[in-house]
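Subject: Structure handover and notes

Dear colleague,

Here is the structure I promised to pass on, with the sequence alongside. Please have it open while you read the notes that follow.

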Amino acid sequence: MEAIEWGGYAKTIILNPADYDGLEVHGVRDCADEFGITDGTACEVDDDGNPEFYSVYAHLREGGLECIGDFATGVDAVAYGALIAGEHSWPLDIHAKGICTDCGESIEGGSQCAGCRSAEGVRS
Ligand SMILES: [Zn+2]
């Protein structure tokens, strides 16, 4: 199994931003071993289980997703997703369970970490 190169590569994927309408963060597992792939990686979305890492996907207007970055932690994935989403005024949907939908921090339950929950409480 080849090592995954962490980081975002939206610029090489999103050549025509008008083709896309949003970003999603998913938990992902590398299934290369399962599939018998030895010369690359095969990634499978695993939002509910125990993802090995997190990927940011761009959602195509006509349907489908294209991966624009792989990250070891939810925090890094959400940060990159928010950056690219901000550049294009796209929504960022966090589909991976177990990470805060605001900052990507690992959480036990719910959708936000304690820090973001209390920050929200202060805002409202
Ligand atoms: Zn948070």
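Predicted model: local features only at pLDDT ≥ 70, side-chain atom pairs only at ≥ 80, totals over all residues.

The buried residues of helix 3 are Gly74, Ala77, Val78, Tyr80, Gly81, Ile84 and Ala85. Viewed down the helix axis, these buried residues fall within an arc of 165°, so they line one face of helix 3. On the other side of the helix, Gly86 and Glu87 are exposed. As for its length, helix 3 has 15 residues and reaches 21 Å from its first C-alpha to its last, which is close to the 21 Å expected at 1.5 Å a residue. Just after the helix comes Ser89, which takes a positive phi of about 55°.

Gly86 itself lies in helix 3, which covers residues 74-88. Why does Gly86 count as exposed? Gly86 has 11 C-beta neighbours inside 10 Å, and a residue counts as exposed if that number is 12 or fewer, so Gly86 falls in the exposed class. Between Gly86 and Asp33, which are 53 residues apart in sequence, the distance in space is 36 Å from C-alpha to C-alpha.

Turning to the strands, strand 2 (residues 20-30) pairs with strand 4 in the antiparallel sense over eight bridges, and within strand 4 it is Val56 that stands opposite Val25. Strand 4 also runs antiparallel to strand 5 (residues 65-71), to which six bridges join it, and the bridge partner of Ala58 in strand 5 is Glu66. Strand 4 and strand 5 form a hairpin with four residues between them, and Gly63, in the turn, has a positive phi of about 105°. Strand 5 is joined in turn to strand 1 (residues 7-8) by two bridges, again in an antiparallel arrangement, with Gly69 of strand 5 as the bridge partner of Gly8.

The largest nonpolar core has 21 residues, and those with the most contacts inside it are Leu23, Val25, Tyr54, Val56, Ile68, Ala77 and Ile84. Strand 2, strand 4, strand 5 and helix 3 each supply at least two residues of this core, and the largest share, five residues, comes from helix 3. As background, nonpolar side chains in soluble globular proteins tend to be buried together.

Finally, a word on Glu52, which lies in the loop between strand 3 (43-45) and strand 4 (53-60). Glu52 is partly exposed, because 16 other C-beta atoms lie within 10 Å. When residues up to four places away in sequence are not counted, Glu52 touches Val28, Arg29 and Asp30. Glu52 and Leu23, by contrast, are 29 residues apart in sequence and 20 Å apart in space, C-alpha to C-alpha.

With best wishes

Methods. Residues numbered from 1 in each chain as written. Buried ≥ 20, exposed ≤ 12 C-beta atoms within 10 Å, placed from the backbone. Contact = placed C-beta atoms within 7 Å. Pairing = 2+ DSSP bridges. Expected span 1.5 Å × (residues − 1). Arc of directions from axis to C-beta. Core = buried A, V, L, I, M, F, W, Y, C linked by C-beta atoms within 7 Å.
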